[in-house]
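Student: Can you walk me through this model? I'd like to start with the helices and then go to the sheets.

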Amino acid sequence: MNYEFKAQSKRLMELMIHSIYTNKEIFLRELISNASDATDKMYYESLTNQDLTFNKDDYVIEILPDKDKRTLTIRDHGIGMDQEDLVENLGTIAQSGSLDFKKKLEDQDEATDLIGQFGVGFYSAFLVADKVEVLTKKFGQDQAYLWTSSGVDGFTIDKAQKEDLGTSITLYLKENTEDENYDQFLETYKIQEMVARYSNYIRYPIQMEVTKSRPLENSDQEDQEPKYESYQELETLNSMVPIWKKDKKDLTQEDYENFYHDEGFGFDKPLDYIHIKVEGLVNYRGILYLPSSEPFNWRSKDFEKGLKLYSNGVLIMDKCQQLLPDAFSFVTGVIDSEDLNLNISREILQEDRELKIISKNIERKIKDKLLDLMKNRREDYVNFYKTFGLTFKAAIYESFGMEKDKYSDLLLFVSSKDQAYTSLDDYLDRMQEDQEAIYYATGDSLAKMDQLPQKEAMAEKGLEILYLTDPIDEFVLKAMRDYKGKSFVSINTEKEEKLEKTQEEEGLFKEMKDILAGEVVAIKASEDLADHPVCLLSRGEVSIEMEKIFQAQGQ
Ligand code: ADP
Ligand code: MG
């Protein structure tokens with residue numbers, strides 16, 4: 001029988017054939033995920049059908065490359081399709097069978113978490129093939145069918161012979177072009193790589209015959225070169241159980257570190273990790289890592305933040321940026337959710353409600369972990385802060401202080417008390433009862449700030465001063481304006497202070513000002529000095545240090 005594709009399917013098909021999509025290799029992910037769905041459905045049958053026993057090990061997904069014919073076949077032992085299914089499911093886009101199936105299951109407890117619901121789906125086969133055959137036999141039926149299509153024109157469905165249940169999808173690969181080598185999809189290493197990359201955590205074994213070689217047992221000892229024979233071995237290409245789905249108590253520190261390195265998140269030993277399992281509004285799991293040192297391209301503009309995103313074991317994206325706020329760009333890891341409704345279009349992803357909930361959640365978890373480190377592993381946190389603290393500061397400064405509630409408790413400053421890093425909360429805890437402000441100093445170096453004349457007098461009064469060592473620090477404090485109601489006051493800036501001057505002083509100051517012609521705006525008496533006779537202050541909002549930065553930037 002001849003059929004035409006429905007209008008939208010035709011359009012999608014065209015899109016696939018004249019692919020705008022550079023990432024052609026995702027076709028395998030889609031077909032494997034369908035095979036896994038179909039196997040899930042079989043599993044569901046076995047739960048509701050007395051006559052069926054389901055042995056998970058029997059339900060392998062096979063990959064069969066044929067270099068002579070230039071075909072690639074993906075075979076499953078899942079639920080299969082009858083004629084009607086073929087027309088409905090493979091003839092119409094947006095007629096997602098899995099979606100219907102999921103709706104049916106909604107009020108039941110069986111955790112048959114089906115993959116699917118991805119816009120591209122089956123049609124992605126046409127990214128690499130100019131002809132596709134689907135040979136299939138449905139559970140509970142005797143007749144098998146062959147669905148064939150060579151693209152937009154439509155498809156045919158004919159009765160066919162097939163022994164076992166399930167579906168076999170054969171792709172006739174496109175001819176190689178200058179830009180695209182389709183033969184590579186028949187190569188063992190390429191298939192291994194694609195499966196490991198995109199379908200590693202599919203819960204059924206994905207198997208392929210792999211050619212290996214071994215030394216011949218009776219090889220002639222006299223021979224210089226040992227003789228080898230090649231043999232075929234069935235290899236399982238995927239690891240099946242993702243580490244994030246495992247129980248925390250079954251995992252060691254080493255497991256987490258191995259995963260970090262296997263995934264290429266970094267070459268360092270991660271500072272810490274967060275293993276997340278959330279069941280609620282949105283269900284998801286994941287593992288997040290804090291690095292201990294700079295990622296290699298951290299300071300380059302090529303650096304891309306993001307988490308690896310899976311939907312139920314199927315890789316959707318390598319770097320999902322929406323999951324991480326800029327302030328936490330340094331975080332790496334994976335998130336896997338069964339509740340994501342994804343599409344190829346990133347715009348839709350951006351609006352995804354579930355994703356938003358997850359990202360909010362993650363942000364809080366990272367924040368909690370950082371505060372925990374600050375409290376319980378201060379030395380490590382200080383080192384971490386020296387490398388990555390700038391991202392918190394930038395987030396506060398660039399939001400004009402709007403984000404200060406999120407990140408200001410993560411900040412550290414060197415304190416005049418002990419020259420060690422302190423948090424603002426620690427500072428508040430130590431504040432004197434009637435102290436109104438958080439004092440800070442600016443200067444070229446710690447040593448210079450520590451020797452400021454005005455610091456001396458304050459220290460005598462037991463007042464603690466934060467030394468701002470990073471040029472951006474003062475801008476950040478100015479953007480914040482206050483912390484928990486306590487304003488920031490620079491000790492390098494002139495205070496509102498009215499002291500009566502004697503006539504002698506008046507004369508002296510006038511003389512000094514004449515000598516320093518053009519160098520100072522005013523000379524005043526102050527009560528804020530101890531042993532030093534004078535100190536330099538700046539007037540108004542812009543400190544001497546800020547002025548230097550503006551000058552350097554030519555502003
Ligand atoms: P989705 O997986 O999102 O439903 P696809 O385009 O990937 O969309 O697949 C469309 C439908 O075709 C599936 O929902 C399923 O009903 C059917 N299908 C595809 N591949 C198989 C398969 N290997 N076995 C059984 N049914 C399949
Ligand atoms: Mg699918």
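Tutor: Angles run from 0 to 180 degrees between N-to-C directions, and axes are lines fitted to C-alpha atoms, for helices over the stretch in contact. This is a predicted model, where local features need pLDDT of at least 70, side-chain atom pairs count only at pLDDT 80 or more, and totals for chains, interfaces and linings use all residues. Residues are numbered from 1 along each chain as its sequence is written, with chains lettered from A and ligands numbered from 1 in the order in which they are written.

Student: At roughly what angle do α9 and α14 cross?

Tutor: Roughly 45°, with the axes of α9 (residues 378-398) and α14 (residues 471-480) coming within 8 Å. The two helices are therefore oblique to each other. Helices (H or I, at least four residues) and strands (E, at least two) are DSSP runs, numbered from the N terminus.

Student: Which residues make that contact?

Tutor: K393, I396 and Y397 from α9, and I472, F475, V476, A479 and M480 from α14. Residues are in contact if their C-beta atoms, placed from the backbone, lie within 7 Å.

Student: OK, sheets. What is the strand order in the open sheet of 9 strands?

Tutor: The order is β1-β6-β5-β4-β7-β3-β2-β8-β9, and the pairing is mixed. Strands pair if DSSP finds at least two bridges between them. At the edges are β1 (2-3) and β9 (228-236), each pairing on one side only.

Student: How do β4 and β5 run, parallel or antiparallel?

Tutor: Antiparallel, with 6 bridges joining β4 (residues 129-137) to β5 (residues 144-149). E133 stands opposite T148 in β5.

Student: Which strands does α2 lie across?

Tutor: Helix α2 (residues 26-48) lies across β2, β3, β7 and β8, and runs at about 20° to β3.

Student: And the sheet of 6 strands, what's its order?

Tutor: That open sheet goes β16-β15-β18-β17-β20-β19, again with mixed pairing. Within it, β17 (residues 437-442) and β18 (residues 465-468) pair in the parallel sense over 4 bridges. The bridge partner of Y440 is L466 in β18.

Student: Where does pLDDT stay under 50?

Tutor: Over residues 94-98 and over residues 107-119. pLDDT is the predictor's confidence in each residue, from 0 to 100. The protein averages 85, and 88% of the residues score at least 70. Where pLDDT is low, the predicted coordinates should not be read in detail.

How values were computed: Contact = placed C-beta atoms within 7 Å. Parallel < 35°, antiparallel > 145°, perpendicular 65-115°, else oblique.
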